[in-house]
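Take a moment to look over the sequence and the fold. Then read on, and keep the model at hand as you go.

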Amino acid sequence: MREIASEQIAAVIRRLCIQANCILPEDVRARIAACAQEEPWPQAQEILGQITQNYTVARERMQPICQDTGMACVFLEIGQEAHVTGDLTAAVHEGVRQGYRDGYLRKSVVKDPLRRVNTGDNTPAMIYWDIVPGDRLRITVAPKGFGSENMSQIKMLKPSDGEEGVKNFVVKAVEEAGPNPCPPIVVGVGIGGTFDKAALLAKRALLRPLGQPSQDPFYAAMEAELLERVNALGIGPQGFGGRTTALAVAIETAPTHIAGLPVAVNINCHVTRHQTEVL
C-alpha cells in the first residue's frame, strides 16, 4: 500500500488551478493554429489571430486566459493500492482555495444557487472520483467557465430516435448556443447511461486531446460528421461568421436501459482548460 499525503495533493491542485487558467494546453493551441490556416473568411482569421495573441500573452505573463476563471472541476483517478493520509475531500478544496487566492483568479462560486452569496475562495470544487488499478493518483483540474456551461443541454431521447436523432440534437444545441459560448468551441457529447451519467460523460469528453478520435470507429465517424455539420452552421469565431465554429467534437458512451437514449451536450469555449499531474 502506497501512501500519499493530503498536503501533497493540496499543493498539486493549487499549482494546477493556476497553470490551467494561464496556460492553454498544447493540443488546443495546435488546433487553433490549424484552423487559422484553413479558415477562408478574413474576419474569422483575424479573430483567431487575436485569440492566439491572447493565450500567448497569458502564458508569458502567467495571467488568466479569460476573466471567467471558472468553477474548479477536479477529476481524480485513485489507484486502489494507494492510501491517502488525511482528508482527501478537504485537501481538494484547500488546493482550490490556495490556487485561486495565490493566482489572483476570480472567485465565482456562490454558496447557494438562489441566495447567491459568494464563498469568497472559489470553493467548493466539483469533484469526480474513479477507483482504478494501481497505486497512483491522477489529478486533473479543469476550470469550467459558465458562458459555455450555460449553453449545454441534455435530452432523454427515445431509442427510436436513433443515430440521426442524436446527431440532430447535438447540432441543434450548438446552433441555439450561437455566439454565446465564445466560439470556436469544443463539443463534448455523452450518450447512454442515466440522466446524470450522460452529463458526466459529456464533461469527461472535453478532457480528451483534440485530434484524438474515439477508439470506436463508429463513434469516430460520427465525431467527424458532427464536426463538419457544426462548422457548416457558419457561426464562426466569436460569432462573426466563418468555418471555425468548433475545434472538435468528442463523444463518450456508456451502456443504457432498453427504454432510454440519454444524450448530453457539454459545450466548452476555445479556452478548453485542463492540467494533469500524477502522484
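Start at E175. Setting aside its neighbours within four places in sequence, E175 touches L233 and I235 in this predicted model. The residue belongs to helix α6. Now look for E39. E175 and E39 are 136 residues apart along the chain, and their C-alpha atoms are 19 Å apart.

Stay with α6. Two packed helices are described by the angle between their axes and the distance between the axes. Helix α6 covers residues 162-177, and helix α8 covers residues 217-231. Their axes come within 10 Å of each other. The crossing angle is roughly 40°. Which hand does the crossing of α6 and α8 have? It is right-handed.

Which residues make this contact? From α6 come E163, E164, K167, N168, V170, V171 and V174. From α8 come F218, M222, E225, L226, R229 and V230. Sort the residues of this contact by class, and you get 7 nonpolar, 1 polar and 5 charged.

Next, step back to the whole chain. The protein chain is divided into domain 1 (2-20 + 65-144) and domain 2 (147-272). The centres of the two domains, taken over C-alpha atoms, are separated by 26 Å. The contact between the domains takes 11 residues from domain 1 and 12 residues from domain 2.

Now turn to the open spaces. The largest pocket has a volume of about 720 Å³. It is lined by 25 residues. Which of them are closest to its centre? They are E77, R204, L207, R208 and E252. By class, the lining of the largest pocket splits into 8 nonpolar, 8 polar and 9 charged residues.

Where does this lining come from? Several elements each supply at least two residues: β2 (71-79), β5 (137-144), α7 (195-205), β8 (246-256) and β10 (275-278). Helix α7 gives the most, with 4 residues. The lining of the largest pocket draws at least three residues from each of domain 1 and domain 2.

How many cavities of 30 Å³ or more does a search of the whole structure find? The search finds 1. The largest cavity holds about 70 Å³ of space. Its lining is made of C73, F75, A142, P143, K144, K203, L206, L207, N268, T272, R273 and H274. Find L207 in that list. L207 also belongs to the residues closest to the centre of the largest pocket.

Sort the cavity lining by class. It has 6 nonpolar, 3 polar and 3 charged residues. Strands β2 and β5 each supply at least two of the lining residues. Strand β5 gives the most, with 3. Again, domain 1 and domain 2 each give at least three residues to the lining of the largest cavity.

Finish with the backbone. Go to the loop between α4 (88-102) and β4 (126-132), where P124 sits. A cis peptide bond joins T123 and P124, with omega about 5°. N122 is in the loop between α4 and β4 too. Is the phi of N122 positive or negative? It is positive, about 65°, although N122 is not a glycine.

P184 lies in the loop between α6 and β7 (185-193). The peptide bond from P183 to P184 is cis, and its omega is near 10°. Helix α6 is also where the tour began, at E175.

Methods
Residues are numbered from 1 along each chain as its sequence is written. This is a predicted model: local features need pLDDT of at least 70, side-chain atom pairs count only at pLDDT 80 or more; totals for chains, interfaces and linings use all residues. Side-chain values use heavy atoms; hydrogens and water are left out. Axes are lines fitted to C-alpha atoms, for helices over the stretch in contact, and angles run from 0 to 180 degrees between N-to-C directions. A crossing is left-handed if the near helix is turned anticlockwise from the far one by less than a right angle, and right-handed if clockwise. Contact means heavy atoms within 4.5 Å. Ala, Val, Leu, Ile, Met, Phe, Trp, Tyr, Cys and Pro count as nonpolar, Asp, Glu, Lys and Arg as charged, and the others, Gly among them, as polar. On a 1 Å grid over the protein atoms alone, a cavity is a set of points where a 1.4 Å probe fits but cannot get out, and a pocket is an open set with protein on both sides within 12 Å along at least five of seven lines; lining residues have an atom within 4 Å of a point. Grid points are joined across faces, edges and corners, and a volume is the space filled by probe spheres set on the points. Domain bounds come from an automatic or database domain assignment.
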